[in-house]
Each structure stands twice: as C-alpha cells, then as structure tokens.
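Please study the sequence and the structure before reading the solutions.

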Amino acid sequence: MKITISKEILKPAEHVFPWIEEPEKAKKWQPNIKDSVILENKPEIIGTTFKESISEGGKSLEMYGRITRFAKNELIGFQLKSKIHTVDICYSLHEIKSGTNVSVVALIDWKFPMNIICLFLGKKIKKRIVDQMDSE
C-alpha cells in the first residue's frame, strides 16, 4: 500500500526538521507514539536503530525502526517493522516562498492476516491512515 501526502508549514526547514528527526518532538505531534527509545545511535545517523510503542484504540504495538536515509533539513527515511507490517517512510522537506513543503511517502507491506484483510478493506484502511497522517 502506498500513501503520499504533502503539507505546507509556515516555517523554514531548519525549524521543521527537528520535529521529524528528534523522537521527543515527534511524540508531540504523533499522539499515538507512547514511547520511543534509541537502541543504537550511529554518528552518521543512517543505521541508527530505535523502538517505538504505539497505542491506538486501546491496543498497543511495538515497532522496531532504522534510519535508512538522511540529509539534514532535507530528508529522513525510516524502515519500521512490527508484527503486522513493514513500513518504509520518507519525509522530504523543500523550501517554498511561504516556508517549507513537507512530502511524506509511505510504503506499507502488510503481513498475514492483515494482507488478506486489506484485500477487502484496503481503501478504508488507507483512508484512515491518510486522515491520521493529515491530522498530525
């Protein structure tokens, strides 16, 4: 499943990027993240690993992540793995006249049985994810 969204933020990229890069700031705009722990911090950033605990609708999920792409104030990519899916997500920041355009591309590979459920409810699941990302 591929999800793409884009948002304009009325701040320059150097003010926006830390809100994506830094776990404590990211938790403030991603209310489902209850805990985030760096497991191994790499000096070059790429390869840094972490664990996130997500809570939604009374259910919790642990996701293990790795930073796969990084260019300060320009882009950051993650691969996240959980018991239900693998997500490759990339945030790209581009300066615009009014501030910064943030583009997000997420590729979600659902594991069994979610992959079967998505055959029937994929559009509904995608809409819920897009709505959640859009509100964040």
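**Exercise 1.** Determine whether Phe50 is buried or exposed in this predicted model.

*Solution.* The relative accessibility of Phe50 is 6%. The cut-off for a buried residue is under 20%. Phe50 therefore counts as buried.

**Exercise 2.** Classify the aromatic pair that Phe50 and Phe78 form, and state which strands hold the two residues.

*Solution.* Step 1: the ring centres of Phe50 and Phe78 are 5.8 Å apart, and the planes are at 90 degrees. Step 2: pairing requires centres within 6.5 Å, and an angle over 60 degrees counts as edge-to-face. The pair of Phe50 and Phe78 is accordingly edge-to-face. Step 3: Phe50 belongs to strand β3 (residues 49-56) and Phe78 to strand β5 (residues 75-81), so their pair ties together parts that are 28 residues apart in sequence. Step 4: Phe78 has a relative accessibility of 11% and counts as buried. Step 5: ring pairs join Phe50 and Phe78 with Trp29 and Tyr91 in a cluster.

**Exercise 3.** How many aromatic pairs does the structure hold, and how is the pair of Phe17 and Phe70 arranged?

*Solution.* Step 1: there are four aromatic pairs in the structure. Step 2: one of them joins Phe17 and Phe70 edge-to-face, with 5.7 Å from centre to centre and 65 degrees between the planes. Step 3: Phe17 is found in the loop between α1 (13-16) and α2 (18-21), while Phe70 is in strand β4 (residues 59-71), so this pair ties together parts 53 residues apart in sequence. Step 4: with a relative accessible area of 0%, Phe17 is buried.

**Exercise 4.** Over which ring does the charged end of Lys25 sit?

*Solution.* The charged end of Lys25 sits over the ring of Trp19, at 5.2 Å from the ring centre.

Conventions: Residues are numbered from 1 along each chain as its sequence is written. This is a predicted model: local features need pLDDT of at least 70, side-chain atom pairs count only at pLDDT 80 or more; totals for chains, interfaces and linings use all residues. Side-chain values use heavy atoms; hydrogens and water are left out. Rings of Phe, Tyr and Trp (its six-membered ring) pair if their centres lie within 6.5 Å; planes under 30 degrees apart count as stacked, over 60 as edge-to-face and the rest as tilted. Helices (H or I, at least four residues) and strands (E, at least two) are DSSP runs, numbered from the N terminus. Buried means under 20% relative accessible area, exposed over 50%, partly exposed in between (1.4 Å probe, protein chains only). A charge sits over a ring if NZ of Lys or CZ of Arg is within 6 Å of the ring centre and within 35 degrees of the ring normal.
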